[in-house]
Structures are given as structure tokens and as C-alpha cells.
Amino acid sequence: MPITQVDRIWMDGQLVDWRDAHVHVLSHALHYGSGVFEGIRAYETARGPAVWHLDEHLKRLFRSAKLYHLEIPYAREALAEAVKDTIRANGLTACYIRPLVVRGYGEMGVNPLQAPVNVIVAVWPWGAYLGEEALERGVRIKISSWRRNAQNALPAAAKATGQYINSVLAKIESLKAGYDEAILLNEAGQITDGSGENVFIVRDGVLVTPPTSAGCLDGITRSSVMRIARDLGYEVREENLVRTDLYNADECFFTGTAAEITPIREVDDRVVGEGHRGPITKELQSVFFAATKGEDPRYADWLTYVEDRG
Ligand code: PPE
């Protein structure tokens with residue numbers, strides 16, 4: 001997806017021109033993938049732009065950094081202000097937000113510990129991740145022949161830049177085979193997640209999603225959807241799934257910051273349920289999108305309003 005350019009990027013404590021947000025080609029992270037990042041969205045509300053689960057995302061960023069002994073030279077509160085400042089500086093009403101912490105320029109060799117740390121926050125308008133029509137029609141997916149990175153190789157508990165080369169393999173394979181997206185299995189053959197989304201199925205009115213121990217990211221949209229579903233009275237279970245559980249589900253969908261709630265209508269050329277967005281998926285989407293707009297008081301504290309200073 002092409003990036004939509006805006007005016008300013010927050011870089012190491014300052015808002016700089018989009019064109020000036022450079023790093024050196026010998027930066028450590030470019031060579032070894034030694035960075036951590038987040039993907040966050042801000043939504044348009046009646047009170048101006050509001051960031052969805054800002055604290056949760058920044059907490060996960062710090063957990064990711066801790067795993068790699070990457071010291072972030074800003075407090076979480078300062079990065080929260082940086083996110084709000086960057087949205088304001090670009091005058092956006094809704095956007096995707098990409099905080100990124102990388103090992104920068106100055107050291108070569110795998111040992112990252114002496115390399116400087118650079119922090120950026122970029123924002124840009126980003127529509128529906130898998131296409132606008134996918135939110136309604138659903139996507140066709142393929143179970144990847146590539147396995148998800150093992151927990152003791154590249155831990156799923158961190159959102160590290162380097163581990164996404166695993167998702168890149170799966171994504172390319174699925175696109176070249178004519179599908180929209182891939183789902184990866186772990187070495188035991190259990191479902192983990194998509195290249196950038198968590199997975200849910202609905203079976204006999206019960207929602208099931210793989211546990212994080214299967215090797216999926218501890219998705220923030222995943223947690224929000226679990227909470228919304230329980231509030232709607234549905235049973236939600238975290239249980240291991242195998243590929244045939246997707247084929248035989250009544251409904252299947254992805255969750256993610258970028259993907260929001262995207263129905264899955266086919267898995268490996270098997271039609272899921274009725275072959276279109278199921279009723280429970282639709283119900284979850286409608287509560288989810290109302291909450292992102294600040295229209296559901298039950299989830300008011302999931303939003304941080306950009307215009308509220310401090
Ligand atoms: N699994 C993976 C592998 C993943 O990358 C994401 C987010 C999720 C699950 C869902 O997590 P959450 O966003 O907390 O609900 N993927 C981010 C990056 C996508 C990209 O292409 O870049 C995202 O959705 O922002």
C-alpha cells in the first residue's frame with residue numbers, strides 16, 4: 001500500500017519535516033532488524049481525533065523493548081504526548097500511528113548494546129488494511145506453507161521489526177497464489193495468526209481464538225473484541241485451533257489495528273459458513289466501530305482525545 005505523505009514526523013524529540021526524517025544506511029536496525037514498533041489508530045469522533053488504546057499500545061512497545069534490552073530514552077507519558085503532538089501537527093482527523101524504536105548508526109556487528117537508539121512517531125491516513133470492500137465482503141485466505149516463528153526463536157510476545165520477515169514470506173506466498181492474506185501455523189500445526197492480524201472463529205454461537213501460547217501476538221484488537229463479545233453475552237474461549245476448524249466454522253474473522261474486524265469468507269478454497277460476513281461478525285463490527293467513534297459509553301476509556309492536553 002502506498003504511503004500517504006503528510007507534513008511532519010516526530011523524531012528523537014522534535015517534529016521534523018516529513019522529507020527530513022532520515023536515518024543512515026548503516027543503521028543497525030536496517031541490517032539486523034533490531035527495532036520494535038507499534039501500530040495504533042486514531043479515529044474521528046465528535047470531540048476531534050481520538051487515539052484507540054494509546055496506553056495499551058505504548059505499554060506493549062515498552063515490553064517489546066525490554067525483551068531486546070533496548071532502552072527507550074523517553075517516558076511512556078512523553079511518547080503519549082508525542083503521538084498527540086504529531087497528529088495535531090499534521091491536522092489529521094483520523095490516521096494510523098507508527099511509533100518505532102530502532103538501534104541507530106554507529107556500531108556494526110550483531111551486538112546492539114552500544115548502538116544509539118532512535119525513536120520516531122509517524123502518522124498518515126490509512127484506510128481499510130485489506131481493502132474497503134473487505135470489511136463487508138470478507139477476504140480469501142490461504143494457510144501458509146511457512147510456519148510462524150517459534151517462541152524460542154523470535155518470541156511473539158514482542159513486536160520486533162525483524163520478526164516481520166516471517167510475515168513477509170507468508171504474505172508474498174498468499175498473494176502470488178491469488179489469495180488476500182495468509183494464516184500461519186506453529187510447528188505443532190496449530191493456528192497462530194495472520195501476517196498482521198489475529199484470528200477468531202464462531203462455532204455454534206461461541207467465539208474461539210488461539211491462546212497467545214500458540215504463538216500469536218497478544219493483539220489489542222483481539223482483547224477489545226473478546227470484551228465486546230462477552231458484553232454482548234457471547235461465550236469466548238481461548239483454545240488451540242487447527243486448519244479444519246476454520247474450514248468448518250460458521251464464521252471466521254481477523255482482528256487487528258490495521259485490519260480492524262475483517263471477515264474471512266474462504267480458507268484454502270473452502271467456503272466458510274454462508275460465504276459472506278456472518279451475523280455475529282457484523283454485530284461485533286457495529287459495536288466496535290461505534291466505540292471507536294466514542295459513541296459507546298461502556299468503552300469511553302479506550303479513547304484518548306488528542307485535543308485534551310496533558
Ligand atoms: N498479529 C500480528 C502478527 C500483527 O502484526 C498484528 C498487528 C496483530 C496480530 C493484531 O494486533 P493488534 O493490532 O494489537 O490488534 N499488526 C500491525 C501491523 C500491520 C502492518 O502491516 O504493518 C497493525 O495492525 O497495526
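I started at Ser 27, whose side chain reaches the backbone oxygen of His 24 at 2.7 Å. I count that as a polar contact, a pair of N or O atoms within 3.5 Å; within protein, one must be able to donate a hydrogen and the other to accept it, and residues adjacent in sequence count only if both atoms are side-chain atoms.

Housekeeping before I go on. This is a predicted model, in which local features need pLDDT of at least 70 and side-chain atom pairs count only at pLDDT 80 or more, while totals for chains, interfaces and linings use all residues. Residues are numbered from 1 along each chain as its sequence is written, and side-chain values use heavy atoms, with hydrogens and water left out.

Back to Ser 27: I found it in the loop between strand E2 (14–17) and helix H1 (28–32). My labels are DSSP runs numbered from the N terminus, helices (H or I) having at least four residues and strands (E) at least two. Is Ser 27 buried or exposed? Its relative accessibility is 5%, so I put it down as buried (under 20% relative accessible area, with exposed over 50% and partly exposed in between; 1.4 Å probe, protein chains only).

Next, strand E7 (residues 117–124). I see 7 of its 8 residues buried, so the rest of the structure largely encloses E7. I looked up its partners, taking two strands as paired if DSSP finds at least two bridges between them. E6 runs antiparallel to E7 over 8 bridges, with Val 101 opposite Val 119 in E7. Strand E1 (residues 8–11) is also an antiparallel partner of E7, over 2 bridges; there I noted Met 11 opposite Ile 120.

Then the ligand. I get 22 residues around it, the closest being Tyr 96, Tyr 129, Tyr 164, Thr 221 and Thr 257 (near means a heavy atom within 4 Å). The shell splits into 6 nonpolar, 10 polar and 6 charged residues. Both domain 1 (8–124) and domain 2 (134–292) give at least three residues to the shell; the domain bounds come from an automatic or database assignment. Strand E6 (95–103), strand E10 (191–194), helix H6 (220–231) and strand E14 (251–256) each supply at least two.

Which atoms touch the ligand's oxygens? A ligand nitrogen sits 3.3 Å from a side-chain N or O atom of Lys 159. Taken alone the ligand exposes 550 Å², and the protein buries 92% of that (Shrake-Rupley areas).

Notes
Areas by Shrake-Rupley, 256 points an atom, 1.4 Å probe, with all protein chains shown as cover. Nonpolar A, V, L, I, M, F, W, Y, C, P; charged D, E, K, R; others polar.
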